[in-house]
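I opened the model and kept notes as I went. The entries below follow the order in which I looked things up.

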Amino acid sequence: MLGTYNDLILCSTISEQEYYICNPYTRQWIALPLTPQVHRGSGIMGFTCDHPYYNHEELVGNQTSSNNIKLNAEYRYRVVRITVVKRNCLECPVEIYSSETGQWRESVISSSRGFSFTSASCSTRGVAYNGMLYWLCFGGLLIGVDPFNNTNSSISTDANTIGDIVVNNELCRFVQFHKPEYNITCVECLGVCQGRLRMCHYDMEDPYNSGILCVWELKEVEEEDDQKADGIAGRLMKWCLIKKLNLNEMVAENPDIAKWRAEAGGWCEARVPAFDPNDEDILYVNLDGDIVACNFRTRISFTRQRIRPTDVIGGEFHPWASAFPLSLKRWPTPVPN
């Protein structure tokens, strides 16, 4: 699994040379054509759709109402593949699959400052947010690609921030994390909660290594002279700290959680695979295969589900396994041919 959007999944073979889109509810799937760069190294993937497949309208009559479901003729999707490059490169190859043409097209992301976009430096999966795909690299550099944009103009960067760059009709955006007092060498997760883009990481400056989680949200800044904000689509955006939680202060509802914490010596080894997409106070923590929900507001943690060794390949659960949001739609999205 490489990415999801609503109830569709982007997946591939183990070698990641062949890509597929499927709907697990309807068991429909299609194979995508091979990418032009398939034999030139591994890639970092992203998957997004532009419009919902169904338009839902509620028709209200004389004290009665009915649901009207219509197909959306403007429905389209994109698959983005960024070829892994060496560190501090000035250019990075990008391939974009279009559902309208059924073909891949090649482009290039360029930056005079140079950047690292490798499987090791990119710490999160591709996340769809407001029509764009975002990846978060080590150090808090947020990279966004707009696969639906066809602008021909060029936007230059300024001296203080990493701004917007348009290359080969592809809009790419960089947002730098301007908080040197926080060491975010390793970001735990990047996701969307209630329509807002968030990231989470451990406070590496914690002298007791007790497991302090910091949650940041990308917000619009009103002050135009804010030197710690970067431009996105004509707006100034920056990361704002919204929550901070010491996992050692959590009250465990399940005895297994307290036992695991005592044996492990703390929460510092726990991984954070995902935010809850609907509840802004909950994030999910992987404790050696136990998926635990931690509530920022009530300071209570409880087990959601135990991932048994028989559920995963090889008989054991990998601590860095990815988590993907998957929607259960009233009307499943068909896989378009």
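Which side chain meets R198 in a salt bridge? I found E280, at 3.5 Å, N to O. The term here covers a side-chain nitrogen of Lys or Arg within 4 Å of a carboxyl oxygen of Asp or Glu.

**Ground rules.** The model is predicted, so I note that local features need pLDDT of at least 70, side-chain atom pairs count only at pLDDT 80 or more, and totals for chains, interfaces and linings use all residues. Residues are numbered from 1 along each chain as its sequence is written, and side-chain values use heavy atoms, with hydrogens and water left out.

I placed both ends of the R198 pair. R198 sits in strand β17 (residues 196-202) and E280 in the loop between β22 and β23, 82 residues apart. Strands are DSSP runs (E, at least two residues), numbered from the N terminus. R198 is buried, with a relative accessible area of 3%. E280 is partly exposed at 30%. For these words I use under 20% relative accessible area for buried, over 50% for exposed and in between for partly exposed (1.4 Å probe, protein chains only).

Next I checked D281. Its side chain meets K243 in a salt bridge (3.2 Å, N to O). K243 lies in strand β20 (residues 235-246) and D281 in the loop between β22 and β23, so this pair ties together parts that are 38 residues apart in sequence. K243 is buried at 17% relative accessible area. D281 also counts as buried, at 13%.

**Strand β23.** I followed that loop into the strand. A hairpin joins β22 to β23 through 6 residues. Strand β22 (residues 271-275) pairs with β23 in the antiparallel sense over 3 bridges. Pairing requires that DSSP finds at least two bridges between the strands. R271 stands opposite N286 in β23. On the other pairing I looked up, 6 bridges join β23 to strand β24 (residues 290-295), again antiparallel. There L283 stands opposite C294.

Why is β23 largely enclosed by the rest of the structure? I counted 6 of the 6 residues of β23 (residues 282-287) as buried.

The whole structure holds 11. I picked R78 with E100, whose closest N and O atoms are 2.6 Å apart. R78 is in strand β8 and E100 in the loop between β9 (89-98) and β10 (103-115), 22 residues apart. R78 counts as buried at 6% relative accessibility. E100 counts as partly exposed at 46%.

**Aromatics.** I searched the whole structure and got 6 aromatic pairs. One of them is F47 with Y77, edge-to-face, 5.9 Å centre to centre and 80° between the planes. Rings of Phe, Tyr and Trp (its six-membered ring) pair if their centres lie within 6.5 Å; planes under 30 degrees apart count as stacked, over 60 as edge-to-face and the rest as tilted. Both F47 and Y77 are buried. They also belong to one aromatic cluster with Y19, Y97 and W104.

**The sheet β1 to β4.** What is the strand order in this open sheet? I read β1-β2-β3-β4, with antiparallel pairing. The edge strands are β1 (3-5) and β4 (28-31), each pairing on one side only. β1 and strand β2 (residues 8-12) are joined by 3 bridges, and T4 has I9 as its bridge partner. β2 and β3 are joined by 4 bridges, with L10 opposite I21. Their hairpin has 6 residues between the strands, and E16 in the turn has a positive phi of about 55°. β3 and β4 also pair over 4 bridges; I21 has I30 as its partner in β4. That hairpin has 4 residues between the strands, and R27 has a positive phi of about 65°.

**Last look.** C137 is in the loop between β12 (132-136) and β13 (142-146). C137 is buried at 3% relative accessible area.
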